[in-house]
Amino acid sequence: MGVGEEEFEQEPYVGLEFNTADDARIFYGNYASRVGFKIRSGQLYRSRVDGSVCNRRFVCWKEGFQINSRTGCPAFIRVKKSDSGKWVLDQFAKDHNHDLDACEENHPANSQCKSSATTAKVVDLCRKPRIKQLDVVNNGCSSSSSIASAKRVKPGANEGQVKLEPFVGLKFDSANKAYQHYDTYAGNVGFRVRIGQLFRSKNDGSITSRRFVCSKEGFQHPSRVGCGAFMRIKRHDNGRWIVDRYQLEHNHELEVQMKANRGSASRKFLDEINETSEKLDIAKKHNGSLLKKHHMNNIGSDWYTVLHNYFQNRQAEDIGFFCAVDVQMGCCRSLFWADGRSRFSCSQFGDAIIFDTSYKQNNYVVPFATFVGVNHHKQAVLLGCALVADESTESFIWLFETWLRAMSGCHPKSIIADQDDSILQAIAQVFPSSHHRFSMWQIKAKECEHLSPLSSECKYEYEKCVYQSHTVGEFDAAWDALLSKYGLRENAWLKEMYEKRENWVPLYLRGTFFAGIPIDGGLDAFFYPYLNSQTSLEEFVVRYEQGLEQRRGSERKEDYNSFNLQAFLQTNEPMEEQCRRLYTLSVFKVFQRELLQSYSYLGAKIHEQGAISRYLIRKCGNENEKHIVTFCTSNLDVSCGCQMFESEGVLCRHALRLFQILDIRELPSRYILHRWTRSAEYGTIRDFDSGGSSHEIKAKMIWSLREIAAKYVEFGATSFEKYKLAYEIMHEGGRKLCWQRLQAQI
């Protein structure tokens, strides 16, 4: 709908339609004026297909906490663009957490409810710009296309000059000249230029493409309105820079010609170009090896101030909060932080971690990375966060070493991270004993890129070789046959992937513990949907806290369910009752599935030597599905060729079938990992007895005691009666510890 008198008195409701997003903003502004509050334009989301805005939020002006006058008000509306082109209101929060101003009704001008047409007229009368925004010309007709070819356009005769609009294919001798050209064009048309995103070569670190954008691009500052105007240049092999994409259209009023006060941005870019040239000159003097003394910092300076304030507040509340800043030559670079809960979680669940750098493929405003583990409920658990200054090996080494220091030196058994040379080298140096597994999304993307030209038959044989091979010999034979049959021996990507096969081929990953994270997938981003590529500095801390609380709330819910609910037993096996008593609900479901499946298998002894026996366990009606299970009668050790216990920590159906054949009624304690039990969160002494270095055991004891003490403090501070009870318990415990120490000294 448009915004007319008949809609003026309406209240927002889900399903309400508007012709444009601006109509929705005007409507919400009118409603806000009547009720007694002001509004702001909130977050927007863009389509991943064409970059167009697909939904928008309009919020109460007291939303967030970035300034003292804001109270984190939750009131908002969200409109979403439908396939028909209409904007539909799909979310609405009515309630405010502050007093409303009844006087707002008498001052609608303050509630941002003026129509866009009226606003435009006022701007035109006040500014009277000499140069109007130019439409792209196609075949003599005006067009609103945002990315297209453009022609030289002559302004009015009184201008006496020719200005050249950007067009695809426009060439420059250097990136500096491209910037100067766009800056001059911007001055004539009526806007300012900022230096946008750049991309570097992974081979030598040199810049391969860069963007110059309108100064009102983005939403990180109140003066910015998300303008989409830009020019992108790309460096070709001959060293020249060519415009390969651009957009002329702005979403704001243009100003009069502005050639003054434009020197700072130009000088900044020139300094950067000169610095790059100096580094390239140095590289030539050292046989082409680029000496990276100064890396491009992808973190805006204002992030350090905001996060430093946040860190100080958290340290005052949480004695276990850890943060660190990488300082080089007096400049802040990468940041790392982890609260006390994350550090304690790592002592329990830090054996398999995911280093999530999805910001790299999603074009995040800030390079935000997370360390994530899997808890005893098979949920993602946060083990630390970071802002990564650049993608150099040095940055990742600093980050991994800092994480290791924060987690009391507990090395993970495995780490899932991107197939990136910098990350590979950093993991090899800092976590030499950890098995690095490549992120599966990246493997699939590379497969699509490099295998798309091949025949469907070739792709089928490739997938069969990679994902269905059961032995190393079988894989090598199938791989060699694939290369020979389709003439792929000189394929550089396949050569590289074969050399790194231990990092991604399922066959080579089966014997390593990955806490049940599936090889063909992974966990969802920890902070989804609270943090995304468009999250600005102003919203980051609030959304970060919301996402973290939501995750930890889910963990508390699962803790409660595991201690207060029971799963149904589906057999009369004593081991099923044993595992139901010990495992969390989520892990028990995995065990129960394997136990039920075990009844469809048959077993026969095929070899015996002393206490060691081997059994062939095969599925009824499927001769191809069979595994060798080895059993030792002296200590009840069992090992299956599928290696499910080694990779997931739960016994497989084949081993369970053998226990049934041998009439072993309960599982040996070594096959019930403490990390999967209901008491795993508390880090009991049973876990410490299971092995590990003295340093790791001490770290677990410290974090276990600290977590328990923190709970006494948290609950004891809720009332005076609970305080007295908590104090008496802790005081009595301290008295007993002192008595034991005196006894030991005697």
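In strand S17, the bridge partner of Trp337 is Cys385. The model is predicted: local features require pLDDT of at least 70 and side-chain atom pairs count only at pLDDT 80 or more, while totals for chains, interfaces and linings use all residues. Residues are numbered from 1 along each chain as its sequence is written, and side-chain values use heavy atoms, with hydrogens and water left out.

**Strand pairing**

S14 and S17 pair in the antiparallel sense over three bridges; two strands pair if DSSP finds at least two bridges between them. Strands (E, at least two residues) and helices (H or I, at least four) are DSSP runs, numbered from the N terminus.

| Strand pair | Bridges | Bridge partners |
|---|---|---|
| S13 and S14 | six | Ala324 and Phe336 |
| S14 and S17 | three | Trp337 and Cys385 |
| S15 and S16 | three | Asp356 and Thr370 |

In the hairpin of S13 and S14, two residues lie between the strands, and Met329 takes a positive phi near 55°.

**The sheet**

These strands belong to an open, mixed sheet of seven strands, ordered S13-S14-S17-S16-S15-S18-S19. S13 (322-328) and S19 stand at the edges with a single partner strand each, so one side of each has no neighbour in the sheet. On average, neighbouring strands of this sheet are turned by 20° against each other, direction ignored.

Six of the eight residues of S14 are buried (under 20% relative accessible area, with exposed over 50% and partly exposed in between; 1.4 Å probe, protein chains only). Strand S14 is therefore largely enclosed by the rest of the structure.

**Helices across the sheet**

Helix H8 (residues 393-406) lies across S13, S14 (331-338), S15, S16 and S17 (380-387), running at about 35° to S14. Helix H15 (residues 537-564) lies across S14, S16 and S17, at about 160° to S17. Axes are lines fitted to C-alpha atoms, for helices over the stretch in contact (heavy atoms within 4.5 Å), and angles run from 0 to 180 degrees between N-to-C directions.

His436 lies in S19 (residues 435-438) and, at 5% relative accessibility, counts as buried. Leaving aside residues up to four places away in sequence, His436 touches Ile415, Ala417, Asp418, Ile423, Leu424, Ile427 and Asn503. A polar atom of the His436 side chain lies 3.3 Å from the backbone oxygen of Ala417.

Terms used
Polar contact = N/O pair within 3.5 Å; in protein donor to acceptor, adjacent residues only side chain to side chain.
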